[in-house]
Amino acid sequence: MSKSIQSVQCEHLDKMDIVWDRPDTLIDVPMHYCPGCGHSVVHRLIMEVVQELNIQDITIGVAPVGCSVFSYNYMDVDMQEAAHGRATAVATGIKRVLPDKIIYSYQGDGDLAAIGTAETIHTINRGENIVMIFVNNGIYGMTGGQMAPTTLKGSVTSTTPTGRDLSIHGHPLNIAEMIAILPGAYYVTRQAVNSAKTVRKTKKALLRGFKNQIDGKGGVSFIEVVSNCPSGWKMTPLQSNKWLDDNMLGTYPLGDIKVPEKIA
Amino acid sequence: MKKRVSEKILMKGNEAIAEAAIRAGVKAYFGYPITPQSELLEYMSAQLNSRGGVFLQAESEVAAINMVYGAAGCGERVMTSTSSPGFSLMQEGISYIASAELPCLLVNVQRGGPGLGTIQPAQSDYFQAVKGGGHGDYNLIVLAPNSVQEMANFTYLGFDLADQYRTPVLILADGALGQMMEPVVFPDYDIVKNKVDHSSWATRGKKDGKQHVITTLHIEPEKMEIINNHLQEKYRDICDKEIRFEATKTDDAEILLIAYGLSSRIAHHALELARDEGLKVGLFRPITLYPFPYRQIRALTKKVDSILTVEMNAGQMVEDVRLAVGEKVPVHFYGRTGGVIPQPEEILEKIRAISIAPQMEKIF
Amino acid sequence: MKQEIVIAGFGGQGVLSMGMTLAYGGMVENKDVSWMPSYGPEMRGGTANCTVILNDEKISSPIINSFDTAIILNQPSMAKFESKVKPGGQIIYESNNILTPPTRSDITILDIPANKEAVKLNIKRVMNMIILGTYLGLNPVLKIESILKALTKVLPGRHHHLIPINQQALERGMELATQPTIM
């Protein structure tokens with residue numbers, strides 16, 4: 001074992017084409033996310049899109065409260081950190097005074113679908129020309145794994161120790177389907193990041209969303225990403241990705257929910 | 001640029017703030033309807049979009065203040081206005097704005113509380129206005145106009161102070177000042193000359209390789225303390241430089257009235273009635289409620305025999321007056337609550353009583 | 001010279017605009033003025049009132065509790081404001097709207113059939129201007145020119161063609177002031 005994998009790579013690097021690299025728009029620091037967490041993947045995808053569209057210097061992001069509260073440490077664009085639930089109100093304030101800039105909000109399920117539901121609905125209903133990114137992992141990760149509005153029936157969390165009882169806690173909230181009926185929602189899709197295939201699809205959805213905004217299409221591009229929380233779910237990353245497939249997607253099926261062409 | 005002729009206009013206080021804000025180049029206004037400030041929102045809705053700015057009616061005061069956060073974070077001149085219950089809803093956002101040091105103008109046209117209360121004028125949000133209001137160690141600069149003219153003047157001043165100190169500034173008015181009409185002249189204001197460059201920190205898209213981040217999260221205690229020390233230093237600077245007040249007939253006064261905003265107008269009337277009776281009464285009116293003129297009030301205790309604080313609440317500013325005065329002279333209080341406005345005659349009655357028995361009433 | 005006036009009646013009788021016209025007229029003559037409305041639910045069909053102060057010097061308090069003149073356009077307002085007129089002051093009220101007239105003997109009381117007169121002028125909505133004319137006839141604190149100038153500010157542009165009829169109403173009110181039915 002005298003040769004590490006890395007040194008083997010280096011040895012052959014000048015003979016090989018670079019097919020995979022960190023986008024310049026992603027700050028080169030270790031992320032604080034737990035191993036296997038979907039946030040890091042989604043961050044990277046957003047930054048790839050920002051780089052490919054060459055919009056780094058006109059993009060302003062809004063970070064939420066939740067695990068991704070520090071996302072401005074990784075995504076190398078101007079960013080504002082919003083109060084819990086208020087990311088889209090903040091994004092509205094930015095977009096209204098700087099309509100030529102590209103604005104996105106990044107929120108988790110507690111932020112977007114519980115404490116910020118009013119802001120979510122009204123931002124979409126106003127048809128703000130922004131990208132809303134919604135990372136749904138069915139749990140409050142940062143505060144220690146409490147029940148989220150999107151927590152599945154029967155799921156054990158730190159505030160549903162015997163599992164989510166629908167008669168007590170209500171039902172998992174399908175926010176994407178809910179907001180898709182609003183005229184201000186231009187593009188609504190649900191994707192995932194638990195496999196190479198789903199990651200590629202999420203990237204496409206993000207690209208589409210940002211392009212919509214650049215093209216000045218009226219309305220919100222809403223991209224839900226069903227993600228995992230290995231720590232909160234008390235699983236290995238691999239188990240969590242499989243569990244997502246087996247359990248989450250039944251309640252939160254993947255695919256486009258509202259596509260502009262289909263409306264027209 | 002064509003110079004505007006300064007004409008005297010009869011206007012509501014709420015409208016005067018809106019007009020002054022537009023003349024001061026406000027770029028965005030976000031608000032939500034609530035009596036008795038809705039004329040401000042309506043004036044903005046009718047005027048702002050055609051005069052260079054953006055008006056947006058938010059879904060709640062919570063959303064409105066966070067829209068202010070977003071737009072102020074871009075370095076633009078922005079504002080919101082509300083009345084007491086709405087101001088309570090905004091407190092979280094204001095705490096964030098103070099922490100992130102975002103310049104903006106806030107207006108609270110107070111009504112009687114607590115709870116849904118009444119829509120009639122009150123001054124019962126004093127504590128909330130001057131002691132922070134939301135969570136954490138912060139203060140707002142608080143300006144207290146007492147006429148429609150000052151509603152306009154302090155709007156310009158408020159924006160300038162907000163820019164200068166990178167801090168939220170609050171105009172603390174009340175329902176009467178918002179609803180009443182008085183003549184107002186809008187002073188000339190040079191938007192270009194008064195513009196402050198916020199490009200070194202505002203989020204307007206990453207330029208020159210430097211990422212700008214507006215955040216209030218500093219999870220390491222030592223770092224958060226540095227932020228707090230910086231804020232406190234700024235507040236000390238504000239306390240040194242920005243105290244404003246007005247003293248009327250204090251030179252020979254034996255009884256000193258202390259009142260702000262609308263109650264200072266009523267107290268002034270009471271002063272006139274008392275002087276007619278030969279009672280030597282003066283009036284001290286704090287214009288900035290934060291920073292509060294502690295030293296100026298303390299200095300007056302060398303001259304006067306007793307103090308009467310008049311407020312439209314159960315006794316809030318009087319605590320700051322007592323803090324300024326200590327045991328030097330007796331401090332009395334007269335207030336009405338719940339939207340009831342104290343009458344000059346009631347204050348006169350109290351002045352008469354103090355002139356006979358100036359010793360302090362028991363407060364604890 | 002200081003005049004403290006309260007105008008009170010039902011919403012829709014032109015209470016607030018009468019006060020506004022008076023205040024604007026005072027401003028035209030470089031007086032210090034203030035106009036303070038009652039606001040809120042009272043504006044929606046209930047009673048409405050406003051106080052107007054005209055002063056040659058600076059007005060201290062815009063909040064007042066007693067008045068030189070009360071202009072009363074409905075019965076509930078009579079109950080509310082009769083006692084608040086200063087001794088030696090006056091009440092001007094609209095005859096049709098008051099069933100129980102005021103009883104004080106230490107003030108001047110005028111009963112003006114402004115509604116009837118407005119009907120005679122063929123436009124009901126000038127009732128408030130007739131009463132204002134009566135007030136100015138009795139209290140020549142402002143010139144009629146100033147009131148007409150004020151109307152150009154108070155009335156929206158689309159109603160400026162009504163200024164002549166308003167002038168007629170003001171003049172009729174002033175005539176009535178010279179032949180009042182003093183009780």
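In this predicted model, the domain assignment divides chain B into domain 1, covering 8–241, and domain 2, covering 245–356. The C-alpha centres of domain 1 of chain B and domain 2 of chain B are 28 Å apart. Where the two meet, domain 1 of chain B contributes 28 residues and domain 2 of chain B contributes 22 residues.

Several elements of domain 1 of chain B take part in this contact. The helices α5 (126–130), α7 (175–179) and α9 (221–241) of chain B, together with the strands β6 (141–143) and β7 (168–174) of chain B, each supply at least two residues to the side that touches domain 2 of chain B. Of these elements, α5(B) gives the most, with four residues. Sorted by class, the residues on this side of domain 1 of chain B are 18 nonpolar, eight polar and two charged.

The next part of the picture is the packing of helices around α1(B). Two packed helices are described by the angle between their axes and the distance between the axes. Helix α1 of chain B spans residues 13–23, and helix α6 of chain B spans residues 148–165. Their axes are 8 Å apart and form an angle of about 30°. Angles under 35 degrees count as roughly parallel, and α1(B) and α6(B) are therefore roughly parallel to each other. The crossing in which α1(B) passes α6(B) is right-handed. On the α1(B) side, the contact is made by Gly13(B), Ala16(B), Ile17(B), Glu19(B), Ala20(B) and Ala21(B). On the α6(B) side, the residues are Val148(B), Met151(B), Ala152(B), Thr155(B) and Tyr156(B). By class, the contact of α1(B) with α6(B) has eight nonpolar residues, two polar and one charged.

Helix α1(B) also packs against helix α2 of chain B, which runs over residues 38–47. Here the axes are again 8 Å apart, and the angle is about 40°. With that angle, α1(B) and α2(B) are therefore oblique to each other. The crossing of α1(B) and α2(B) is right-handed. From α1(B), the residues in this contact are Asn14(B), Glu15(B), Ile17(B), Ala18(B), Glu19(B) and Ile22(B). They meet Glu39(B), Leu40(B), Tyr43(B), Met44(B) and Gln47(B) in α2(B). The contact of α1(B) with α2(B) comprises six nonpolar, two polar and three charged residues.

How values were computed: Residues are numbered from 1 along each chain as its sequence is written. Chains are lettered from A and ligands numbered from 1 in the order in which they are written. This is a predicted model: local features need pLDDT of at least 70, side-chain atom pairs count only at pLDDT 80 or more; totals for chains, interfaces and linings use all residues. Axes are lines fitted to C-alpha atoms, for helices over the stretch in contact, and angles run from 0 to 180 degrees between N-to-C directions. Angles under 35 degrees count as roughly parallel, over 145 as roughly antiparallel, 65 to 115 as roughly perpendicular and the rest as oblique. A crossing is left-handed if the near helix is turned anticlockwise from the far one by less than a right angle, and right-handed if clockwise. Two residues are in contact if their C-beta atoms, placed from the backbone, lie within 7 Å. Ala, Val, Leu, Ile, Met, Phe, Trp, Tyr, Cys and Pro count as nonpolar, Asp, Glu, Lys and Arg as charged, and the others, Gly among them, as polar. Domain bounds come from an automatic or database domain assignment.
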